[in-house]
Amino acid sequence: MSGRLDVVGIGPGDAALVTPAVSAVLEAAQALYGYGPYLDRVPPQPGQARHASDNREEMDRAVAALDAASAGAHVAMVTGGDPGVFAMAAAVCEAIEHGKPEWRTLEVRVHPGITAMLALAARAGAPLGHDFCAISLSDNLKPWEVVEQRLAAAAGAGFAIALYNPISRARPWQLSAAFACVARHLPPEVPVIFGHAVARAAEQVVITPLAEAAAQPASMASCILIGTRQTRVVPRPGLPPLAYTPRSFSA
């Protein structure tokens, strides 16, 4: 029997946002590998093995899944959101590049999912309606100086910015520093959208001006969208406001 590895994204949390292709893979796989809370969101299947690991064990997880697939198993690597956005698809590719020769002969497929910035943008309206980028504030795998350079370049060039991994117990100061960095390039009224646990039971979405953004609570369950000089917030009586960035550019 030839093995296979599918890398799947299960979206932001709501089971209705998991694609049919991903659902089919999860049902058929003999073994699942992934961060424990993500595996907890996958309905169990009879006889299916589950191998949960910590969030910082990406390479070990990739190696274990590739070994299982090369031994003949149909393996699914489970990630939240989209597997190619700050997630496991890159770790699997890196492991294959530097790992065992037989891993290069495996069938490996990456299946897209709805990532946090798209789920939050849809809740808010269309804040990513023009050019945008995504930046992780984690400095675990890159220097903080690089994060600041990218924030400044994106804000100065007029990109809307999606912030991933905004804050944690080990990194309590980076989010405030990120807001201070972009504030040197953007006016204080630029809207900032905080999404906490989007598409889950504890969902909260808050829109606030950049000048007040540092006072908003956030966690690793948050995704944050920073608008541009063109981003608009449309108030609606009795309904949540709509935030959008026009498709056409005006200086």
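**View A. Strand β2 and its burial in the predicted model.** Strand β2, spanning residues 31-35, is mostly covered, with 4 of its 5 residues buried, where buried means under 20% relative accessible area, exposed over 50% and partly exposed in between, for a 1.4 Å probe and protein chains only. Helices (H or I, at least four residues) and strands (E, at least two) are DSSP runs numbered from the N terminus. The model is predicted, and local features need pLDDT of at least 70, side-chain atom pairs count only at pLDDT 80 or more, and totals for chains, interfaces and linings use all residues. Residues are numbered from 1 along each chain as its sequence is written, and side-chain values use heavy atoms, with hydrogens and water left out.

**View B. The strand partners of β2.** Strands pair if DSSP finds at least two bridges between them. β2 runs parallel to β3 (residues 49-53), to which 5 bridges join it, and tyrosine 33 has histidine 51 of β3 as its bridge partner. With β4 (residues 74-79), β2 pairs in the parallel sense over 4 bridges, and here glycine 34 stands opposite valine 78.

**View C. The largest nonpolar core.** This core, a set of buried Ala, Val, Leu, Ile, Met, Phe, Trp, Tyr and Cys residues joined through side-chain atoms within 4.5 Å, has 24 residues, and those with the most contacts inside it are Leu151, Ile161, Leu163, Phe179 and Ile226. Its largest share, 6 residues, comes from α7.

**View D. The surroundings of phenylalanine 179.** Beyond its neighbours within four places in sequence, phenylalanine 179 is in contact (heavy atoms within 4.5 Å) with residues including Leu163, Val192, Phe194 and Ile226.
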